[in-house]
Amino acid sequence: MRSVIFDLDGTLMDTSADLLVAANAVFRGLGYGDLLEHGRHDGVALKGGRMMLRTGLATLGIKDEAKVDAHYQDIIDAYGTAIDVHTTIYPGAMEAVERLKSAGYAVGICTNKPEALAEKLLVSKGVRGAF
């Protein structure tokens, strides 16, 4: 069977703003304030929670992988509570998925986002059934 596998973050959907909001909530909880900026750090957001932690902490001169590990779940939890406030599906993305399906392709998603969060986001955006 012919198949096309899509990435989710940064390919089908722009999730960067919600990811950055979650990371900054964790940084504020640690007493650091907002360390990542929408627009400037969007690409970092798409590399996952650990990269956002590393990048934000690095702005303070902190390179501490134990701190990254200790607060990774905090980002996941914060993101899960507000996963689709700012997230948008890229224009034409779902039309492309439907054209592929109509041409006989199976379509799926591969993401570094935890599975439960990916499912939640796809359902909330009304596109879970497409994959």
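**Helix packing**

Modeller: The axes of helix α3 (residues 49-58) and α4 come within 9 Å and cross at roughly 125°. This is a predicted model, in which local features need pLDDT of at least 70, side-chain atom pairs count only at pLDDT 80 or more, and totals for chains, interfaces and linings use all residues. Residues are numbered from 1 along each chain as its sequence is written, and side-chain values use heavy atoms, without hydrogens and water.

Biologist: Why is α3 called oblique to α4?

Modeller: Angles under 35 degrees count as roughly parallel, over 145 as roughly antiparallel, 65 to 115 as roughly perpendicular and the rest as oblique. The angle is roughly 125°, and that makes α3 oblique to α4. Their crossing is right-handed (the near helix is turned clockwise from the far one by less than a right angle).

Biologist: Which residues of α3 meet α4?

Modeller: Contact means heavy atoms within 4.5 Å. G49, R50, M52, L53, R54 and L57 in α3 meet residues of α4 including E65, K67 and Y72. By class, this contact of α3 with α4 has six nonpolar, two polar and five charged residues.

Biologist: What makes α4 roughly parallel to α6?

Modeller: Helix α4 (residues 65-81) packs against helix α6 (residues 115-124) at an angle of about 15°, the axes being 11 Å apart. That angle makes α4 roughly parallel to α6. The crossing of α4 and α6 is left-handed.

Biologist: Where do α4 and α6 meet?

Modeller: I76, Y79 and G80 in α4 meet L117, K120 and L121 in α6. The contact of α4 with α6 divides into four nonpolar, one polar and one charged residues.

Key
Axes fitted to C-alpha atoms, helices over the stretch in contact; angles between N-to-C directions. Helix = DSSP H or I, 4+ residues; strand = E, 2+ residues; numbered from the N terminus. Nonpolar A, V, L, I, M, F, W, Y, C, P; charged D, E, K, R; others polar.
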